[in-house]
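The sequence and coordinates are shown first.

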Amino acid sequence: MQQFFFAESKAFGSRVEQLFNFIHPASVALWNLRWQVQGFVSASPGATEAELSGRFSSGSGIKASNLKEVCVETPWESQMGQFAQIVGANMIALYEGWSEEIFFKLTGKRPGRGPGPSKDIQFPSRGQFGRVTKGVRDVLADMHAIGISSEMKAAFFPVYSASKKYSHNELDGLTALYRYHKEIRNSFMHGGGLASKVAETAWRNASTLTKVDIGGKADPILTQITEGQSITYTIEEAIQLADVIIRLVHTIDAELSYSSQAEQYFLDAWKASSGILKLQQLPTDTVRRDRRIAKICRKVGFVTPADPAAAITLGKRAGMIS
């Protein structure tokens, strides 16, 4: 089960789940459609497109044209490449949308055309993989410099950072691999599938990565990119991208969970929760007290704190418990 601190991160997790709940059955459905159409055409070589459409799409409300071309003449690998592009483009859009929303919440500023935390977070840190301006670690350092909540760090960070997806030591490697996928996406969307110079550079940077750099069980899956040449993108690469982005969101979400802005976000959620005032008086018994604060934290949308005393300090300081 995925655990995130911020509502925007939770929404991101839900959307990723929705994406794969569509992609997985859709790819299986296409495989079965191919098998059925190929069998029908094998038995009736003279079948027309109208006959195929009537047999296989009747009742769907969709007029299926070119079923013979799609299911018989087009290689399965080519169609999986199309699914890969769908996954890649959607995952990148979800990450970009998440980064914009999370930093709007924390800074109150929408991203402009130039550099900013929501864009810089998508790059390796300054000095890594050719990056000369701010990147992922620099952004986190800036956010922590604004203010850190020691109580939030004690109460919640140990829980959120315990996720198997938490990858603080691999942030630069993960963002370098993300750039490889991002520039592939850009080449498909803006270059007709032909690699740009930037895409080739992103591939060269990512080609130096090993499983140690990304904290994986295997080395990154990469296809060589050459400027001006057609790009091939596989479903295995798209699934790799999904894992990279999920790990980035888990890590950044956890790292931001003990910022001073996160403390205010936590307290605002506590104050806004209906019926929470009846839990205001804490029991004197230590065990029952810790259970009560755990119940409060879960009720307002967070995890059971690793350090109940730290959460109690936050609540008392805000006047929420006594």
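In which loop does N66 lie? N66 lies in the loop between α2 (49-57) and α3 (67-73); helices are DSSP runs of H or I with at least four residues, numbered from the N terminus.

## Basis of the values

The model is predicted, with local features requiring pLDDT of at least 70 and side-chain atom pairs pLDDT 80 or more, whereas totals for chains, interfaces and linings use all residues. Residues are numbered from 1 along each chain as its sequence is written, and side-chain values use heavy atoms, without hydrogens and water.

## Residues with positive phi

N66, a residue other than glycine, has a positive phi near 60 degrees. Its relative accessibility is 39%, so N66 counts as partly exposed (buried is under 20%, exposed over 50%, partly exposed in between, with a 1.4 Å probe and protein chains only).

F129 lies in the loop between α5 and α6 (136-146). Its phi is also positive, near 55 degrees, and F129 is partly exposed at 27% relative accessibility.

## The buried residue S118

S118 belongs to helix α5 (residues 117-120) and is buried, with a relative accessible area of 4%. Leaving aside residues up to four places away in sequence, S118 touches S99, E100, F103 and P111 (contact means heavy atoms within 4.5 Å).

Terms used
Helices (H or I, at least four residues) and strands (E, at least two) are DSSP runs, numbered from the N terminus.
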